[in-house]
Amino acid sequence: MKVGVVTFPGSLDDVDAQRAVRIGGNEAVALWHGDADLKGVDAVILPGGFSYGDYLRCGAISRFSPVMDRVVEAAHAGMPVLGICNGFQILCESHLLPGALIRNDHRKFVCRDQLLRIENNRTPWTSAYDHGQEIRIVLKNGEGGFVADAETLARIEGEGQVVARYLELNPNGSLDDIAGVSNERGNVVGLMPHPEHAVEELTGSGLDGLGFFTSLVETAFA
Amino acid sequence: MPKPEILDPQGKAVQGALPRLGFTGVTDVRQGKRFEIELEGEVTDALLAEVEKMAETLLSNPVIENYTVSVEQ
C-alpha cells in the first residue's frame, strides 16, 4: 500500500514515520502541508512534532492547512488515517477524533519507554496485535493529557473506541489512562506514544511499534 | 477560557506561585486567552457574527474551551 506521511512546518518525526512505513512493508509517500491532493495514497500518517510551533493550540493551525482538507474528506470516506502525538492533536482539532489533548497534569515534558495495552485490534492500524497485548514504546510529550466530557468518555469507552491504554502509571493525566482512540468507524486512530521509534532493534526500545505499520498490509490482504 | 470541568495545569501553576509571593486567600486560578481583533468600519451584526465564527472555528476549541465576544469602540 502507498502510505502518505504529511510534513508540516515544525514536524519532527516525519522521516522516522516514512522509514517505519517502509520497514512495515509499505511504500512511503512524502506529502507537504501545502499539497492540495493526496498523490493517490491508500492511507495517511500525521507524524509527531510541533507543527506551526504549537501556536494557538497544538494542531489548531495545522488543521486548516490545504492537505488537511483532503485528509478530512478521505477520512470520512473510510481511508485509514493515523495521527501520532502532534498528529493525534491535529486529528482532535479537526474533530475527526473525539476529545482533546491538554498540557500534562504535572506540567513537565515526559520522555519514557511506556507500557501500553492494545485495547482494540480491529482498526486497520492495530490488527497485527492481539487483543490485550502489552507493548512498550517511547512516549514523549508536553501536551498529552487526553480529556473529553463525561458523556463523550462514556460513549468511546462503550463503543470500544479506546485503542490503547497506559499501564504501570499514567504519564500525563489522561482520563481513563487513554493513550489512543479511534473514530466510530475505526479507520481514524490517534496515539500519543510513538510506534515509529520502535521498529528496529538498533535504534529503538524494541520492535513493539512495528505492528502499527504491518497492520495495513494484513488489512489489505485480509 | 478552559471549560470549568477541564483541568487547567497553567492556572494551577500560577495558583501555586501566588502564596510564595505572599498573596494569600486565592482559592482558584484559571488561565485563558484574549484576542484583540481590529475590524474595518462599523461593527454590524453581520460582522459580529463573523467574529463569533472565527472564535468557534479557530480561536477556541469548543471541545475544551468557552468563549465570549465583546465590542470596544
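**Strands, loops and a listed active site**

In this predicted model, strands β9(A) and β10(A) pair up in the antiparallel sense, with 3 bridges between them. One spot where this pairing can be picked out is Val162(A), whose bridge partner in β10(A) is Val181(A). How much of β9(A) is buried? Of its 5 residues, 162-166, 4 are buried, so the strand is largely enclosed by the rest of the structure.

Is Asn183(A) buried or exposed? It has 21 C-beta neighbours inside 10 Å, and a residue needs 20 or more to count as buried, so Asn183(A) counts as buried. Setting aside residues up to four places away in sequence, Asn183(A) touches Leu96(A), Leu97(A) and Val188(A). Another residue to look at here is Ile156(A): it is 27 residues from Asn183(A) along the chain, and the two C-alpha atoms are separated by 8.5 Å.

Next comes β4(A), which has partners of its own. Strand β3(A), residues 43-46, runs parallel to β4(A), and 3 bridges join the two. Within this pair, Val44(A) stands opposite Val81(A) of β4(A).

The side chains of β4(A) can be sorted by direction. Val81(A) and Gly83(A) point one way from the strand, while Leu82(A) and Ile84(A) point the other way. Which of these four are buried? All of them are, whichever way they point.

In an unreviewed entry, UniProt lists Cys85(A), His194(A) and Glu196(A) under "active site". These three span 112 residues in sequence, yet no two of their C-alpha atoms are more than 11.0 Å apart, so they gather at one spot. Cys85(A) is found in the loop between β4(A), residues 81-84, and helix α3(A), residues 86-93. His194(A) has its place in another loop, the one between β11(A), residues 188-191, and helix α5(A), residues 211-221.

Leaving out residues up to four places away in sequence, Cys85(A) touches Gly48(A), Asn141(A), Met192(A) and His194(A). On the same terms, the contacts of His194(A) include Gly48(A), Ile84(A) and Cys85(A), along with Asp13(A), Ile137(A), Val138(A) and Lys140(A).

Most residues other than glycine have a negative phi. Lys39(A), though, has a positive phi, near 55 degrees. Its place is in the loop between β2(A), residues 27-32, and β3(A). With 12 C-beta neighbours inside 10 Å, Lys39(A) counts as exposed. Arg107(A) also has a positive phi, near 70 degrees, and is found in the loop between β5(A), residues 100-102, and β6(A). Arg107(A) is partly exposed, with 13 other C-beta atoms within 10 Å.

Finally, there is the second chain. Chain B is divided into domain 1, residues 1-32, and domain 2, residues 35-73. How far apart do the C-alpha centres of these domains of chain B lie? They lie 26 Å apart. The contact between the chains takes 14 residues from chain A and 10 residues from chain B. On the side of chain A that touches chain B, there are 5 nonpolar, 3 polar and 6 charged residues.

Terms used. Residues are numbered from 1 along each chain as its sequence is written. Chains are lettered from A and ligands numbered from 1 in the order in which they are written. This is a predicted model: local features need pLDDT of at least 70, side-chain atom pairs count only at pLDDT 80 or more; totals for chains, interfaces and linings use all residues. UniProt positions are given in the numbering used here, feature names are shortened, and annotations may be inferred rather than shown by experiment. Two residues are in contact if their C-beta atoms, placed from the backbone, lie within 7 Å. Domain bounds come from an automatic or database domain assignment. Ala, Val, Leu, Ile, Met, Phe, Trp, Tyr, Cys and Pro count as nonpolar, Asp, Glu, Lys and Arg as charged, and the others, Gly among them, as polar. Two strands pair if DSSP finds at least two bridges between them.
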